[in-house]
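Student: Could you show me how to read strands, loops and surface charge in a protein model?

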Amino acid sequence: MTMDNLRIVFWAGLLILIWLCIQTWQQTFQPRAADPVAASAPTDTVSAPAAASTSTGLPALPGAIPAVAPTATPSVSPVAAAPARLITIKTGVLVARIDLHGGDLSSVELPTYPVHKDQPNVPLQLLNSEPDEFFALQSGLRAADQQPEANHLSEYTADGTEFVLAKGADELIVPLKWQSPSSGLSVEKTFHFYRDSFKVDLEYTVNNAGAEPYRAANYLQIQRHYAPPKRSMFNVDSYSFYGPVVYNGSKYEKLKVTDLAETPFSQSVAKGWMAAIQHHFLAAAIPPGAETWSYAGRFADERFLVSAIGPLQTVAPGESASFKSELFVGPKIQSELAAIAPGLDLTVDYGRFALLAQPLFWILQKIHNVVGNWGLAIIICTLLIKLVFYKLSETSGRSMARMRQMQPRMKALQERYKDDKQALSSAMMDLYKKEKINPAAGCLPMLVQIPFFMAFYWVLLESVEMRQAPFMMWITDLSSRDPYFVLPLLMGAAMFFQQKLNPPPPDPVQAKMMQAMPIVMTGMFAFFPAGLVVYWLTNSVLSIAQQWRINKVLGAN
């Protein structure tokens, strides 16, 4: 293969990679179809122990056909039909409401995360009890032998209607109470909220004052109306996975609702968790790690439901027992997620470029801790990457500078062998060998940049730390496009000047491709996150400075 043909291969490969960038941007995993048609789930059987009852939304006890407890309301839908009786919890980072009908969080607002940057007083809401936006984190106890149970359909009481984290306090405890009028059973359901944290600890304390042993299992479940953001090149929320995910202690799995509609999910899991995720945010339920729980997932009636139920425990008469678990409702802050449960930080989904994106984010975060600006952190990180690959870029730059010096001789060869392509190719190869020039060397730095480009893209898209992060002047959100397209135009101009410092390819087709590249890249980057354009613009400026210096040094020699 001649050097000219090799160069064509390199340019073709580059264009393919750019096309892959566009495809990856336009569809994160697969194109989302319209909301799947609700499918009837199979009838619950003993072989699917963790399946949920469609009439009550209650998970079945492990190894048993679900039995409706006397305290439950067997004919209602999973959405509570009783009027809401709400208590409010305020911690600074959470404004939560608990409905005493069920004793669960019915809504959670994040006051430090507004929906839009220009509306700072409108907080983002995750959990929601409205039917068209229904999103619930439900919990409770399931009892064996048709004994009464405190499940998410039961009625609870509380000592107040508002609980506020006191100044200087690190923990806010919110106790709820449930009492069985006939059996001597009582349950205290206690929520533990923490300062500057989105984690919530949940504990059930069962007191058996009756005459019979009480057997019960703790359960957690997440239920949500499936309404993913519609695909739009202007809506970055639509490119992240939206739906249920589970972690089985070693493997992270995204559950597609189209698959759940056809085949419900069922698995026994230890040291795992389940969550419903969206762009930048999630709600997670984390069972105790020492126990094996039965997980299940299904989709019906435009809602997905994932549940987990633990093993039965026996509370002897006159004794008490505790059932503990953890909840998380908030942003995908990687450091906090990793500290709560193993693998929970995997919900920050960098896709196939995670191996590069994760250390890249770590470096960016360390730089940001010093400079306090994500835009400056991107610029400094780009400089560090440039320094790492300096030798490769310098070798390439010297080869390109030598190519520029050889332009008159190359043109002379083209004139001499203009009617004999084979002889021209042979003469050019001889010239390259004699002058120790590698014409493909100029493509290598750009090919090396492609993985970093994709890693930067995923870091900017998926890291909530970058959400609505300002840079300077009109760039108020590095994770969204430049509203005035100034940065893409500057980037295109930089690529144009960078191109002028290098010799034009001898082949006319290649020359036209190179001339079109700044225009194509400007159009493509116009809709990319501004932070990504900052990276490519910085890289282009540094490449211009490096090539200008190399040309000057070689010109002086």
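Tutor: Happy to! We will go through strand pairing, then backbone angles, then surface charge. Please keep in mind that this is a predicted model.

Student: Let's start with pairing. In which sense do strands S2 and S3 pair, and over how many bridges?

Tutor: S2 covers residues 95-99 and S3 covers residues 104-116, and the two pair in the antiparallel sense over 5 bridges. To place one of these contacts, look at Ile98, whose bridge partner in S3 is Leu105.

Student: How many residues lie between the strands in the hairpin of S2 and S3?

Tutor: There are 4 residues between the strands, and in this hairpin Gly102 takes a positive phi near 110 degrees.

Student: And how do S3 and S4 pair?

Tutor: S3 and S4 pair in the antiparallel sense over 4 bridges. They form a hairpin as well, with 2 residues between them. Here Glu109 has Gln125 in S4 as its bridge partner.

Student: Which strands pair with S19?

Tutor: S9 (residues 199-208) pairs with S19 (residues 320-331) in the antiparallel sense over 9 bridges. S15 (residues 281-286) and S19 also pair in the antiparallel sense, over 6 bridges. You can trace this by residue: Val200 stands opposite Leu327 in S19, while Ala283 has Val329 in S19 as its bridge partner.

Student: What about phi outside glycine?

Tutor: The general idea is that most residues other than glycine have a negative phi. In this structure, Gln146 is not a glycine, yet its phi is positive, about 55 degrees. Find Gln146 in the loop between S5 and S6 (162-164).

Student: Is Gln146 buried or exposed?

Tutor: Gln146 is exposed, because its relative accessible area is 56% and the cut-off for exposed is over 50%.

Student: Where is Glu302, and what is its phi?

Tutor: Glu302 sits in the loop between S16 (292-300) and S17 (303-309). Its phi is positive, about 65 degrees, although Glu302 is not a glycine. With 43% relative accessibility, Glu302 counts as partly exposed.

Student: Now the surface charge. Which residues gather in a patch of negative charge?

Tutor: Glu302 again, together with Glu130, Asp132, Glu133 and Asp301, in a patch of negative charge on the surface. For one of these residues, Asp132, the place is the loop between S4 (119-125) and S5 (135-143).

Student: Why does Asp132 count as exposed?

Tutor: Because Asp132 has 63% relative accessibility, and exposed means over 50%.

Key: Residues are numbered from 1 along each chain as its sequence is written. This is a predicted model: local features need pLDDT of at least 70, side-chain atom pairs count only at pLDDT 80 or more; totals for chains, interfaces and linings use all residues. Side-chain values use heavy atoms; hydrogens and water are left out. Patches are made of residues with over 30% relative accessible area and no salt bridge: like charges are joined within 9 Å, nonpolar side chains (Val, Leu, Ile, Met, Phe, Trp, Tyr) within 5 Å. Accessible areas come from the Shrake-Rupley method with a 1.4 Å probe; for residues, only the protein chains shown count as cover. A salt bridge is a side-chain nitrogen of Lys or Arg within 4 Å of a carboxyl oxygen of Asp or Glu. Lys and Arg count as positive and Asp and Glu as negative; His and the chain ends are not counted. The place of a charge is taken as NZ of Lys, CZ of Arg, CG of Asp or CD of Glu. Buried means under 20% relative accessible area, exposed over 50%, partly exposed in between (1.4 Å probe, protein chains only). Two strands pair if DSSP finds at least two bridges between them.
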